[in-house]
Amino acid sequence: MLNIIKTNLQFNSNISKMGAIEGVALHHNGVSSPQSVEVIHNYHKNHNGWAGIGYHWFVRRDGKIYEGRPEKYAGAHCPSINSTSIGICAEGNFNEEIMPEVQKQAIIELIADIKERYNIKWIKGHKEIINTSCPGANFPLNEIRNTICINNETVKKNEYIANIAREVISGKYGVGEERKRALGSLYNEVQTKVNEILIGKNVVPKKCNEQIADEVIVGKWGNGKDRKTRLTSAGYDYDTIQNIVNKKLR
(Lines give C-alpha, C1' and ligand atoms only; values in the text may rest on other atoms or scores of the structure.)
Protein backbone atom coordinates (compact mmCIF):
# COMPACT_ATOMS: atom_id res chain seq x y z
CA MET A 1 0.00 0.00 0.00
CA LEU A 2 1.30 3.44 -0.93
CA ASN A 3 2.38 5.59 2.01
CA ILE A 4 0.91 8.86 0.71
CA ILE A 5 0.90 12.02 2.81
CA LYS A 6 -1.79 14.49 1.83
CA THR A 7 -0.83 18.16 1.79
CA ASN A 8 -2.72 21.41 1.73
CA LEU A 9 -0.54 23.38 -0.68
CA GLN A 10 -2.05 26.57 -2.06
CA PHE A 11 -1.36 27.35 -5.73
CA ASN A 12 -1.47 30.65 -7.63
CA SER A 13 -3.88 31.15 -10.51
CA ASN A 14 -1.18 30.87 -13.20
CA ILE A 15 -1.64 27.13 -13.51
CA SER A 16 -2.74 25.25 -16.63
CA LYS A 17 -4.62 22.02 -17.16
CA MET A 18 -2.86 18.75 -17.93
CA GLY A 19 -3.09 17.24 -21.41
CA ALA A 20 -3.03 13.54 -22.30
CA ILE A 21 -0.52 11.88 -19.97
CA GLU A 22 2.07 9.80 -21.80
CA GLY A 23 4.96 9.30 -19.40
CA VAL A 24 6.66 9.73 -16.05
CA ALA A 25 9.65 12.05 -15.56
CA LEU A 26 11.98 11.37 -12.64
CA HIS A 27 13.91 14.06 -10.78
CA HIS A 28 15.93 14.67 -7.62
CA ASN A 29 15.86 17.88 -5.62
CA GLY A 30 19.67 17.96 -5.67
CA VAL A 31 20.03 18.75 -1.96
CA SER A 32 21.83 16.48 0.51
CA SER A 33 20.20 17.96 3.62
CA PRO A 34 16.55 17.07 4.47
CA GLN A 35 14.00 19.19 2.63
CA SER A 36 10.23 19.12 2.94
CA VAL A 37 7.64 19.37 0.19
CA GLU A 38 6.51 22.68 1.71
CA VAL A 39 9.99 24.18 1.36
CA ILE A 40 10.13 23.21 -2.31
CA HIS A 41 6.61 24.51 -2.87
CA ASN A 42 7.41 27.89 -1.34
CA TYR A 43 10.67 28.18 -3.29
CA HIS A 44 9.02 27.39 -6.63
CA LYS A 45 6.16 29.72 -5.83
CA ASN A 46 7.99 32.70 -4.35
CA HIS A 47 11.44 32.51 -5.96
CA ASN A 48 10.65 31.02 -9.39
CA GLY A 49 7.29 32.75 -9.72
CA TRP A 50 5.47 29.51 -10.57
CA ALA A 51 1.99 28.53 -9.43
CA GLY A 52 3.61 26.34 -6.78
CA ILE A 53 5.66 23.18 -6.59
CA GLY A 54 6.47 21.94 -10.07
CA TYR A 55 6.41 18.22 -9.24
CA HIS A 56 3.26 16.16 -8.87
CA TRP A 57 4.83 13.89 -6.25
CA PHE A 58 7.72 14.17 -3.80
CA VAL A 59 9.23 10.97 -2.35
CA ARG A 60 11.35 11.35 0.77
CA ARG A 61 14.26 9.14 1.83
CA ASP A 62 12.07 7.26 4.31
CA GLY A 63 9.72 6.15 1.53
CA LYS A 64 6.87 8.52 2.37
CA ILE A 65 5.16 9.98 -0.68
CA TYR A 66 3.88 13.56 -0.51
CA GLU A 67 1.28 15.12 -2.77
CA GLY A 68 2.64 18.00 -4.81
CA ARG A 69 0.91 19.64 -7.76
CA PRO A 70 -2.42 17.91 -8.49
CA GLU A 71 -2.17 15.59 -11.50
CA LYS A 72 -5.00 17.41 -13.28
CA TYR A 73 -2.62 20.37 -13.71
CA ALA A 74 0.44 20.54 -15.95
CA GLY A 75 3.67 20.39 -14.01
CA ALA A 76 6.69 22.71 -14.01
CA HIS A 77 9.49 20.17 -14.01
CA CYS A 78 10.57 19.89 -17.66
CA PRO A 79 9.44 22.48 -20.25
CA SER A 80 8.94 20.18 -23.24
CA ILE A 81 6.75 17.61 -21.44
CA ASN A 82 5.05 19.48 -18.60
CA SER A 83 1.56 18.95 -20.01
CA THR A 84 2.05 15.30 -20.98
CA SER A 85 3.89 13.76 -18.04
CA ILE A 86 3.74 13.15 -14.31
CA GLY A 87 6.74 14.64 -12.51
CA ILE A 88 8.14 12.67 -9.56
CA CYS A 89 10.93 14.15 -7.43
CA ALA A 90 13.06 12.11 -5.04
CA GLU A 91 14.55 13.80 -1.99
CA GLY A 92 18.34 13.73 -2.17
CA ASN A 93 21.37 14.59 -4.27
CA PHE A 94 22.02 11.48 -6.33
CA ASN A 95 25.17 12.85 -7.85
CA GLU A 96 26.65 12.28 -4.38
CA GLU A 97 24.53 9.73 -2.50
CA ILE A 98 22.94 6.32 -3.04
CA MET A 99 19.18 6.02 -2.87
CA PRO A 100 17.85 4.08 0.14
CA GLU A 101 16.03 0.89 -0.86
CA VAL A 102 12.82 1.99 0.84
CA GLN A 103 12.77 5.20 -1.22
CA LYS A 104 13.41 3.32 -4.48
CA GLN A 105 10.64 0.84 -3.72
CA ALA A 106 8.22 3.70 -2.96
CA ILE A 107 8.98 5.27 -6.36
CA ILE A 108 8.42 1.92 -8.09
CA GLU A 109 5.08 1.42 -6.33
CA LEU A 110 4.04 5.00 -7.11
CA ILE A 111 4.80 4.55 -10.82
CA ALA A 112 2.92 1.24 -10.83
CA ASP A 113 -0.09 3.07 -9.36
CA ILE A 114 0.18 5.83 -11.97
CA LYS A 115 0.31 3.21 -14.73
CA GLU A 116 -2.98 1.78 -13.55
CA ARG A 117 -4.60 5.17 -14.10
CA TYR A 118 -2.95 6.37 -17.31
CA ASN A 119 -1.65 4.91 -20.58
CA ILE A 120 2.02 5.38 -19.70
CA LYS A 121 4.37 4.79 -22.64
CA TRP A 122 7.69 5.81 -21.09
CA ILE A 123 9.63 6.41 -17.88
CA LYS A 124 12.57 8.79 -18.21
CA GLY A 125 15.05 10.68 -16.12
CA HIS A 126 15.10 14.47 -16.49
CA LYS A 127 18.56 14.28 -18.12
CA GLU A 128 17.19 12.01 -20.84
CA ILE A 129 14.84 14.77 -21.97
CA ILE A 130 16.94 17.94 -21.71
CA ASN A 131 20.58 18.78 -20.99
CA THR A 132 20.86 18.50 -17.19
CA SER A 133 22.51 16.26 -14.60
CA CYS A 134 19.17 15.63 -12.86
CA PRO A 135 18.29 13.15 -11.38
CA GLY A 136 21.97 12.39 -10.75
CA ALA A 137 24.51 9.79 -11.83
CA ASN A 138 23.56 7.46 -8.96
CA PHE A 139 19.81 7.62 -9.49
CA PRO A 140 18.63 4.01 -10.15
CA LEU A 141 16.84 4.77 -13.41
CA ASN A 142 17.38 1.41 -15.06
CA GLU A 143 16.50 -0.56 -11.92
CA ILE A 144 13.21 1.32 -11.68
CA ARG A 145 12.45 0.94 -15.38
CA ASN A 146 13.35 -2.75 -15.42
CA THR A 147 11.07 -3.41 -12.47
CA ILE A 148 8.09 -1.67 -14.03
CA CYS A 149 6.90 -3.65 -17.07
CA ILE A 150 5.62 -1.16 -19.63
CA ASN A 151 4.12 -3.89 -21.79
CA ASN A 152 2.23 -6.12 -19.35
CA GLU A 153 1.36 -3.96 -16.34
CA THR A 154 3.18 -6.28 -13.93
CA VAL A 155 5.65 -5.24 -11.28
CA LYS A 156 8.20 -8.07 -11.25
CA LYS A 157 8.57 -8.05 -7.51
CA ASN A 158 9.87 -11.59 -7.06
CA GLU A 159 12.69 -10.98 -9.51
CA TYR A 160 13.33 -7.63 -7.87
CA ILE A 161 13.59 -9.20 -4.39
CA ALA A 162 15.94 -11.88 -5.73
CA ASN A 163 18.21 -9.25 -7.27
CA ILE A 164 18.38 -7.31 -4.02
CA ALA A 165 19.08 -10.52 -2.11
CA ARG A 166 22.06 -11.22 -4.36
CA GLU A 167 23.30 -7.68 -3.71
CA VAL A 168 22.94 -8.28 0.05
CA ILE A 169 25.03 -11.42 -0.25
CA SER A 170 27.71 -9.43 -2.07
CA GLY A 171 27.85 -7.06 0.92
CA LYS A 172 26.10 -4.03 -0.59
CA TYR A 173 23.64 -3.40 2.26
CA GLY A 174 25.81 -4.08 5.31
CA VAL A 175 24.69 -6.19 8.27
CA GLY A 176 22.35 -6.04 11.26
CA GLU A 177 20.63 -2.73 11.91
CA GLU A 178 22.43 -1.05 9.01
CA ARG A 179 20.86 -3.56 6.62
CA LYS A 180 17.43 -3.16 8.22
CA ARG A 181 17.55 0.61 7.79
CA ALA A 182 18.73 0.36 4.18
CA LEU A 183 16.08 -2.18 3.14
CA GLY A 184 13.22 -0.66 5.13
CA SER A 185 9.89 -2.44 4.54
CA LEU A 186 11.57 -4.95 2.21
CA TYR A 187 13.87 -6.32 4.92
CA ASN A 188 11.89 -9.46 5.83
CA GLU A 189 11.25 -10.49 2.22
CA VAL A 190 14.84 -9.88 1.18
CA GLN A 191 16.33 -11.60 4.23
CA THR A 192 14.13 -14.65 3.64
CA LYS A 193 15.40 -14.80 0.05
CA VAL A 194 19.00 -14.40 1.24
CA ASN A 195 18.54 -17.32 3.60
CA GLU A 196 16.94 -19.35 0.83
CA ILE A 197 19.91 -18.73 -1.47
CA LEU A 198 22.60 -19.36 1.14
CA ILE A 199 21.07 -22.12 3.24
CA GLY A 200 18.58 -23.66 0.84
CA LYS A 201 15.55 -23.12 3.05
CA ASN A 202 12.65 -20.70 2.82
CA VAL A 203 12.72 -19.86 6.53
CA VAL A 204 15.77 -20.01 8.76
CA PRO A 205 15.04 -19.53 12.47
CA LYS A 206 17.35 -17.07 14.19
CA LYS A 207 19.83 -18.98 16.31
CA CYS A 208 21.95 -17.77 19.22
CA ASN A 209 25.63 -17.03 18.70
CA GLU A 210 26.64 -20.17 20.63
CA GLN A 211 24.64 -22.40 18.28
CA ILE A 212 26.11 -20.73 15.22
CA ALA A 213 29.63 -21.07 16.65
CA ASP A 214 29.04 -24.81 17.09
CA GLU A 215 27.87 -25.02 13.46
CA VAL A 216 30.99 -23.14 12.35
CA ILE A 217 33.21 -25.63 14.20
CA VAL A 218 31.63 -28.60 12.40
CA GLY A 219 32.04 -26.87 9.05
CA LYS A 220 28.49 -25.72 8.20
CA TRP A 221 29.53 -22.12 7.48
CA GLY A 222 32.64 -22.67 5.38
CA ASN A 223 36.04 -21.11 5.95
CA GLY A 224 37.84 -17.80 5.53
CA LYS A 225 36.13 -15.22 3.33
CA ASP A 226 33.30 -17.58 2.48
CA ARG A 227 32.46 -17.99 6.18
CA LYS A 228 32.52 -14.25 6.80
CA THR A 229 30.29 -13.52 3.80
CA ARG A 230 27.77 -16.17 4.74
CA LEU A 231 27.57 -15.18 8.40
CA THR A 232 27.22 -11.47 7.75
CA SER A 233 24.69 -12.03 4.94
CA ALA A 234 22.60 -14.12 7.34
CA GLY A 235 22.58 -11.24 9.82
CA TYR A 236 25.19 -12.49 12.30
CA ASP A 237 28.20 -10.55 13.62
CA TYR A 238 31.21 -12.38 12.20
CA ASP A 239 33.72 -11.14 14.78
CA THR A 240 31.49 -12.14 17.70
CA ILE A 241 30.91 -15.63 16.27
CA GLN A 242 34.61 -16.09 15.49
CA ASN A 243 35.63 -15.09 19.01
CA ILE A 244 33.29 -17.73 20.44
CA VAL A 245 34.69 -20.29 18.02
CA ASN A 246 38.26 -19.44 19.05
CA LYS A 247 37.42 -19.82 22.75
CA LYS A 248 35.72 -23.18 22.16
CA LEU A 249 38.73 -24.51 20.26
CA ARG A 250 41.35 -23.53 22.84
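The following legends describe close-up views of a predicted model.

**View 1. Strand β5 and its burial.** Strand β5 spans residues 85–90, and six of its six residues are buried. In a regular strand the side chains alternate between the two faces of the sheet. In β5, S85, G87 and C89 point one way, while I86, I88 and A90 point the other way. Residues on both sides of β5 are buried.

**View 2. Parallel partners of strand β5.** β5 pairs with β2 in the parallel sense, over six bridges. Within this pairing, H27 stands opposite C89 of β5. A parallel pairing also joins β5 to strand β3 (residues 57–59), here over three bridges.

View 3. Rolling a probe the size of a water molecule over the atoms shows where empty space is left. The second largest pocket holds about 220 Å³ of space. Its lining consists of I98, M99, P100, E101, K104, N138, F139, P140, E143, K172, Y173 and A182. By residue class, the lining of this pocket divides into seven nonpolar, one polar and four charged residues.

**View 4. Salt bridge between K172 and E167.** The side chain of K172 meets that of E167, with an N to O distance of 3.6 Å. K172 is partly exposed because its relative accessible area, 44%, lies between the limits of 20% and 50%. E167 is likewise classed as partly exposed, with a relative accessible area of 23%.

**View 5. Salt bridge between E67 and K6.** Side chains of opposite charge can pair when their charged atoms come close. The side chains of E67 and K6 form a salt bridge, at 3.3 Å from N to O. This pair links distant parts of the chain, its members being 61 residues apart. E67 belongs to strand β4 (residues 65–67), whereas K6 lies in the loop between β1 (4–5) and β2 (23–28). With a relative accessibility of 21%, E67 counts as partly exposed. K6 has a relative accessible area of 66% and is therefore exposed, the limit being over 50%.

**View 6. Salt bridge between E128 and R145.** The side chains of E128 and R145 meet in a salt bridge with an N to O distance of 2.8 Å. The two residues are 17 residues apart and link distant parts of the chain. E128 is found in the loop between β6 (122–125) and α3 (141–147), and R145 is in helix α3 itself. Both partners are partly exposed: E128 has a relative accessibility of 39%, and R145 has a relative accessible area of 23%.

**View 7. A salt-bridge network.** R60, R61, E91 and E97 are linked to one another in a network of salt bridges. Across the whole structure, a search finds 15 salt bridges.

**View 8. Helix α8 and the residue G235.** Helix α8 covers residues 224–233. Its buried residues are R227, R230, L231, T232 and S233. After α8 comes G235, which has a positive phi near 95 degrees.

Technical notes. Residues numbered from 1 in each chain as written. Predicted model: local features only at pLDDT ≥ 70, side-chain atom pairs only at ≥ 80, totals over all residues. Heavy atoms only, no water. 1 Å grid on protein atoms, 1.4 Å probe; cavity = no way out; pocket = protein on both sides within 12 Å on 5 of 7 lines; lining within 4 Å. Points joined across faces, edges and corners; volume = space filled by probe spheres on them. Nonpolar A, V, L, I, M, F, W, Y, C, P; charged D, E, K, R; others polar. Salt bridge = Lys/Arg side-chain N within 4 Å of Asp/Glu carboxyl O. Helix = DSSP H or I, 4+ residues; strand = E, 2+ residues; numbered from the N terminus. Buried < 20%, exposed > 50% of the residue type's maximum accessible area, 1.4 Å probe, protein only. Pairing = 2+ DSSP bridges.
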